[in-house]
Amino acid sequence: MTDDSKSKKKAEEMAASEKAEQFVDSLIGGISSGQTNAGANERQVLKGEPLLARLLTASQRMSELRHLDPLLTFVIDEVLSLVGAERGYIVLIDPDGEIEYKIRRDANAEPNRSSKQNDPISLSILNEVIASREGLVIRNALFDPRFASALSVMKMQLRSIMCAPLITKSQIIGAIYVENRSKAGRFSADDLPPLNFFCNQAAIAIENAHFNDENIRINENLEQLVLDRTKELNAAKEVAEAAAKAKSTFLANMSHEIRTPMNGVIGMTSMLIESSLDEEQLGYVETIRSSGESLLTIINDILDFSKIESGKLEFENYPFSLRNNLEEAMDLIAPKAFEKGVELLLDYGQEVPEIVNGDVTRLRQIIINLLSNAVKFTAEGQICLSVRVITEQQPALLQFSVTDSGIGIPADRLGRLFKSFSQVDTSTTRKYGGTGLGLAISKQLSTLMGGDMWVESEEGEGSTFSFTILAQAVSPNSSQLDQALIKTIKGKRILLINDNEPSQALLAKQLKAWGIVVDRQPSGLSAFLTLAEFKNEIDAILLDLNAIEINDRSGEAGLNELLKAHNTPPLILCAPLTNKPKQKNIEGLSRFVTKPPKMEELFNAIVYSLSGIKHSSQKFIQSNDEGKTLLGDQFDIKILVAEDNKVNQKVALSMFKRLGLSVDLAENGEEAVNMLANQPYDIIFMDVQMPKMDGVEATRVINDKWGEEKPTIIAMTANAMTGDKEKYLSAGMDDYISKPVRINNIEEAILRLEDKLKRKQL
C-alpha cells in the first residue's frame, strides 16, 4: 500500500470515528433527556436493552458473519426490529451500477428474494438516497410533494418510509429501505442516526462477506477446474498409454515374426562361413549373410524410431575396426551400384584411426542408409564415402560424408529432409520407393552419438550428406598391416589402369602410402605405350576391368589381346564380384580383387603378386582350425532345445554340432517338461512362443517341480524388445540370448556356466 493510500484510509477511518462519536453523543443525550420518536413505545427492544448497547451488539454480530446470505438476513431482521417497520428491503449496486434487489423481509415473516418486477418499491426514493448519499425519512409519502405522484407510492399506498445508504470506503454499495404502509408518521428524523450508524457497520460487513464469498467461489471454481483438468489429463494419459501399449505389442509381434526366419538365414550362412570354402564361395556367403543382417535392420529401424521417441534407446561402446565395417557396408550396396554402372569409392583419411570405441551397429546403420539413398538417386557417375578427423582431442570428432553425382535436391525442398515419413517430393515415393524414415532416424542417431547431420546439394549436380560422431580412438592411425610385408613391396612399380579418375586417384594415394611407385593410365590402349616405354621396369599391373577396350573389344577378350601383345608382369584384376571373370580365361592373372577394393584384400593381392608371399586377412581364418578345443570335449553335458520352428531346429542342431555337442529336441514347453521327467538335463535352451505350453509357463512348471535340482534354463527367443530380457529372467529363467542366434552366443552362454558344470561333474 502506498503512502497516499495509507493517508486516505486513515482520514476515512477518522471521519467515520468522528461521525460515530457524534451519533453516540446525540444518542446518549436523547436517551438521557427522554427524547424518543413517535413510535418508540411500539418498538421491540430486546429485554429493554438501551439502544446503544443494541447497536454495538448488532455490529459485533455482523462482523462475525462471513457469508453474504446469512448476513443480509440478519441485517434486515435487525433493522425491522430496531425501527419497528412492517417491511424492509436491502438493495445492492453491482459493479456495472445496476441495482440488484437482494432481499425483502416482512415483519414476523420468512425472508425471501425480491425483484423489481414482482415487488416494486419506490425507485424515486431509492434513487434520491443513492444520488445524495444521505438518509431520507418520509412521514407520509402520499402527501409528500416530492414522491406522491410516483406510481409505486400510489399503487402500494405507501405512507411511512425511511431509507439509508450503505457506504464503505467512500463508495456506495447499496441501501436499506423500510416502510409502513398502514400508518403515517411511523418514522421521524430521530430514527435516522441509529439507522445510518447501523448501515455504516452493515456496509463494512457486507463488503467483507462479499469478498469472502467471491474468494470461496473462485477457489471452488479453481478446484473444479483442477478436477476437470485432472480428469482430462487422466483420460488423455489412458488413451496415450493404450496407444503406446498397442504400438509396443504390434512392434514386438513384428519383431518376433521377422527375427524368426532371419534366425535361419543368418544362422545357416554363419555355419557356411565357418566351413571350408574358397575365397569366391566365401565372398558369396558373406554377401548373403550381410544381406540378411541388412534385412534385419529394417525391423531395427522401426524399433529404433520407437525407442528414440520414448527416450529408451541405448548405445553400446566397444572397440571395432572402423575401416573394415565401412568396407563391409559398401559391399552390401555394391551390387546395386555396379548394376547401374555407378562407381563406389572409399576415401579413408590417413589420420583416421583404424580401431575406435563406439556403437558399430548404429554407425553401420547410418552409413548403409546414406549409401542406399545415394545409389537410389544416382543414375551414373560415382558415390564416394569419405572419413576425416575434425578434432583429435579424445574422444575424437569424426566426420563421414557420402557424396553422389545424382539428381540433387532443390533448395526449396531441403527443409523436408530429416523429418519422419517425409520425402523431398511425394512423386519420388513411386519412382524410388522408401518411407522417408531412414534419414530421420540417422540424424537422431548421429545427434545421440555426440554429433550432427546436414546436407549440401544443388539440383542436377548431386548431393553430399555429412554427419559427425564422437568416438574414442583405440589405435593411433589406420595402418594395421604387417610392417615387414610393407617393406617387401616398398619401391616396387605398379601400372595402374583405371578409367574413373576419382577411383584411380584414391587407389594411387593408397599405393603410394605403402611406398609403391605408381604409373597411371586411363585405358588399356594407353597402357601399351607405358609397357613399351618401361619394358621390364613394371613389376605388376593393377587393372580395372571396365578400362579394357581394344579394337572395339572389351572385357575378357580385350584383356587377353592386351596381355598377348606384351610379355606382361603379374596382373591384379579389379572388378565387381558379380562380374568376376574366370581365371582360366585370362592369361597371367595373378589375383582378383572385388570392387570397391578393401585395403587388406588389395594389400594381400599386391604382396602375393610382387613377392610370392601368400598372406590371408585375419577374417578369413576359420574358427574350426585343427587343434581348437570344442565345448563337447570340455563338458559332458546333456542339453535340451525347446523350439517349435523346423528351420530354427536345424540351425540349432548345426550350431551345437559345430561345438561338439549333441542335443535333444522338444517341439513345445509341454514336451520339454515331459522329457525332463524321463531323464535329467543340464541345460535347456527354451524358446518362448510355442504351442500347447509356452516357454514361460514351462519354466514355471520346471521351477516348481524340480526346485534347486532343476536344469539351467536359457531363453533363446525372437522377442528382443527393450525389457524382454529382464522379463524372462524375472519369470525364472537363468540366462537370455536373442535371435538371430550366432554360434558364439551359445558358446558364451555355456561358458558362463563353466564353474557350475564342473562342480556338477565332480
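Which residues of the largest nonpolar core touch the most other members? In this predicted model, local features need pLDDT of at least 70 and side-chain atom pairs count only at pLDDT 80 or more, while totals for chains, interfaces and linings use all residues. Residues are numbered from 1 along each chain as its sequence is written, and side-chain values use heavy atoms, with hydrogens and water left out.

The answer is L322, L326, L363, I367, F400 and F467, picked from a core of 45 residues. A nonpolar core here is a set of buried Ala, Val, Leu, Ile, Met, Phe, Trp, Tyr and Cys residues joined through side-chain atoms within 4.5 Å. Buried means under 20% relative accessible area, exposed means over 50%, and partly exposed is what falls in between (1.4 Å probe, protein chains only). Helices (H or I, at least four residues) and strands (E, at least two) are DSSP runs, numbered from the N terminus. For a look inside, take L326: leaving aside neighbours within four places in sequence, L326 is in contact (heavy atoms within 4.5 Å) with L346, Y348, I367, L385, V387 and F400. Another core lies apart from this one; it has 35 residues, among them L72, F74, L82 and V178. In soluble globular proteins, nonpolar side chains tend to be buried together.

Now for the charged pairs. A salt bridge is a side-chain nitrogen of Lys or Arg within 4 Å of a carboxyl oxygen of Asp or Glu, and that rule gives 32 of them. R520 pairs with E501, with 3.3 Å between the closest N and O atoms. Since R520 sits in strand β14 (residues 517-521) and E501 in helix α13 (residues 501-513), this bridge ties together parts that are 19 residues apart in sequence. R520 is partly exposed at 35% relative accessible area, and so is E501 at 48%.

R700 is partly exposed at 41% relative accessibility, whereas D704 is exposed at 57%.

E100 and K102 also form a salt bridge, at 3.3 Å between the closest N and O atoms. Here E100 is partly exposed at 36% relative accessibility, but K102 is buried at 13%. Finally, salt bridges link R87, R104, D106, E179 and R181 in a network.
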